[in-house]
Amino acid sequence: MDPVEAAKVACNFGQRPEWGAAHGISRRLPDKLKQLVEACWAADYESRPEFIQIIATLEEVLRDLPQDPPGGGAAPGCSCAIM
């Protein structure tokens, strides 16, 4: 589902979206990030994380991501330049 369609389904039918295989995004996302997103769209708003928890989790995810190689910025084989 695209984001707008997912929001409509959640609003109108009380359903929450599921991670799909579109473009392999589910395989590329860190598990912590998927769990955070799922917690944020919990049907029971009382069980959704506070913003301070969201920030802490996002900082953890960022620390766990692979670092760019020295002098990097562009992916190997990419002809784009970062200014």
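Which residues are linked with Lys32 in a network of salt bridges? Glu60 and Asp64 are. The report below starts with the whole chain and works towards that network.

## The model and the chain

This is a predicted model, where local features need pLDDT of at least 70, side-chain atom pairs count only at pLDDT 80 or more, and totals for chains, interfaces and linings use all residues. Residues are numbered from 1 along each chain as its sequence is written, and side-chain values use heavy atoms, with hydrogens and water left out.

The protein chain has 4 helices and 0 strands. Here helices (H or I, at least four residues) and strands (E, at least two) are DSSP runs, numbered from the N terminus. Along the sequence the pattern reads α-α-α-α. The chain holds 83 residues, and 14% of them are buried. Buried means under 20% relative accessible area, exposed means over 50%, and partly exposed lies in between (1.4 Å probe, protein chains only).

The accessible surface of the chain is about 7000 Å². Carbon and sulfur atoms account for 59% of that surface. These areas come from the Shrake-Rupley method with a 1.4 Å probe; for residues, only the protein chains shown count as cover. Take the contacts between residues at least 6 apart in sequence: 32% of them join residues at least 24 apart. A contact means heavy atoms within 4.5 Å.

## How α3 and α4 pack

Helix α3 covers residues 31-40, and helix α4 covers residues 51-64. Their axes are 9 Å apart, and they pack at an angle of about 160 degrees. Axes are lines fitted to C-alpha atoms, for helices over the stretch in contact, and angles run from 0 to 180 degrees between N-to-C directions. α3 and α4 are therefore roughly antiparallel. That label needs an angle over 145 degrees; under 35 counts as roughly parallel, 65 to 115 as roughly perpendicular and the rest as oblique.

α3 passes α4 in a left-handed crossing. In such a crossing the near helix is turned anticlockwise from the far one by less than a right angle; clockwise makes it right-handed. From α3, Lys32, Leu33, Leu36 and Cys40 take part in the meeting. From α4 come Ile54, Thr57, Leu58, Glu60, Val61 and Asp64.

Ile54 sits in helix α4. Ile54 is buried, at 15% relative accessibility. Leaving aside neighbours within four places in sequence, Ile54 is in contact with Leu36, Cys40 and Pro49. Leu33 lies 21 residues from Ile54 in sequence, and their C-alpha atoms are 9.7 Å apart.

## The salt bridges

The whole structure has 3 salt bridges. A salt bridge is a side-chain nitrogen of Lys or Arg within 4 Å of a carboxyl oxygen of Asp or Glu. One of them joins the side chains of Lys34 and Asp31, at 3.7 Å from N to O. Lys34 and Asp31 are 3 residues apart in helix α3, so about one helical turn separates them. Lys34 is buried at 14%, whereas Asp31 is exposed at 54%.

Glu60 and Lys32 meet at 2.8 Å, N to O. Lys32 is partly exposed at 33%, and Glu60 is partly exposed at 29%. Asp64 is exposed at 53%.
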